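Subject: Structure handover

Dear colleague,

Here is the structure for you to look through. My notes on it follow below.

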Amino acid sequence: MAKISLIVASLIFLICGAMHMHGTFFSTDLHPSNPHLIEALKVSAIKMAESGLMWNLWIGFNAMFSAGLLFIGLTMLYLCVKQFHFLHGNHFFVILTIIANAFFIWIGTAYMIRPFLISMVIPFLLFVTGYVLLLTKPNAS
């Protein structure tokens, strides 16, 4: 059961990462609804550097977040499917994933939309469940 819980959580991260990447580069889903705002963002720089246009930073941050979700999802999926025995004695990766996921939940609560928050709470619960099952039944997969 631990393995299944961790695999499902990893797959959710992969799906969310892929959807976010798609929304960043291949659709307007993550664009502001106000077209005038988009134009303003394309010519507005941050104070740190005039080359840091808000629109480019918006796309860049969204792309990095997508890559992070994909990386976490792929890494955990690989470890669960191909190296599950490794996770029994090395809880570091599961704990680190739970901490990162908890941070995403905090960000979702403070700054994001409800669907994002829900999409992060579900894998969090699955990662925690998988980890607890790893602790209680260390030889079971």
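Which helices are included in what covers the buried residues of H6? The cover includes H1, H3, H4 and H5. Buried means under 20% relative accessible area, exposed over 50%, and partly exposed in between, with a 1.4 Å probe and protein chains only.

Some ground rules. This is a predicted model, so local features need pLDDT of at least 70 and side-chain atom pairs count only at pLDDT 80 or more, while totals for chains, interfaces and linings use all residues. Residues are numbered from 1 along each chain as its sequence is written, and side-chain values use heavy atoms, with hydrogens and water left out.

Overall layout

The chain has 6 helices and 0 strands. Helices (H or I, at least four residues) and strands (E, at least two) are DSSP runs, numbered from the N terminus. The order of elements is α-α-α-α-α-α. Along the principal axes, the C-alpha atoms fill a box of roughly 55 × 25 × 25 Å. Of the 141 residues in the chain, 35% are buried. The accessible surface is about 8,700 Å² (Shrake-Rupley method, 1.4 Å probe; for residues, only the protein chains shown count as cover). Carbon and sulfur atoms hold 73% of that surface. Take the contacts (heavy atoms within 4.5 Å) between residues at least 6 apart in sequence: 68% of them join residues at least 24 apart.

The core

The largest nonpolar core has 26 residues. Such a core is a set of buried Ala, Val, Leu, Ile, Met, Phe, Trp, Tyr and Cys residues joined through side-chain atoms within 4.5 Å. Leu6, Leu87, Val94, Phe104 and Met120 have the most contacts inside it. Helices H1 (2–25), H3 (54–82), H4 (84–89), H5 (92–111) and H6 (114–136) each supply at least two residues of this core. Leu87 is worth a look. Beyond its neighbours within four places in sequence, Leu87 touches Leu6, Met76, Leu79, Cys80, Phe93, Val94 and Leu134.

Helix H5

H5 has 20 residues.

Helix H6

The 23 residues of H6 should span 33 Å, and the end C-alpha atoms are 33 Å apart, which agrees. Buried in H6 are Phe116, Leu117, Ser119, Met120, Pro123, Phe127, Gly130, Tyr131 and Leu134.

Aromatic rings

There are 9 aromatic pairs in the structure. Rings of Phe, Tyr and Trp (its six-membered ring) pair if their centres lie within 6.5 Å; planes under 30 degrees apart count as stacked, over 60 as edge-to-face and the rest as tilted. Trp106 and Tyr111 form an edge-to-face pair, at 6.0 Å centre to centre and 85° between the planes. Trp106 lies in H5. Trp106 counts as partly exposed because its relative accessibility is 48%. Tyr111, at 61%, counts as exposed. Ring pairs also link Phe13, Phe65, Phe104, Phe116 and Phe127 into a cluster.

Best wishes

Terms used. The expected span of a helix is 1.5 Å times one less than its number of residues.
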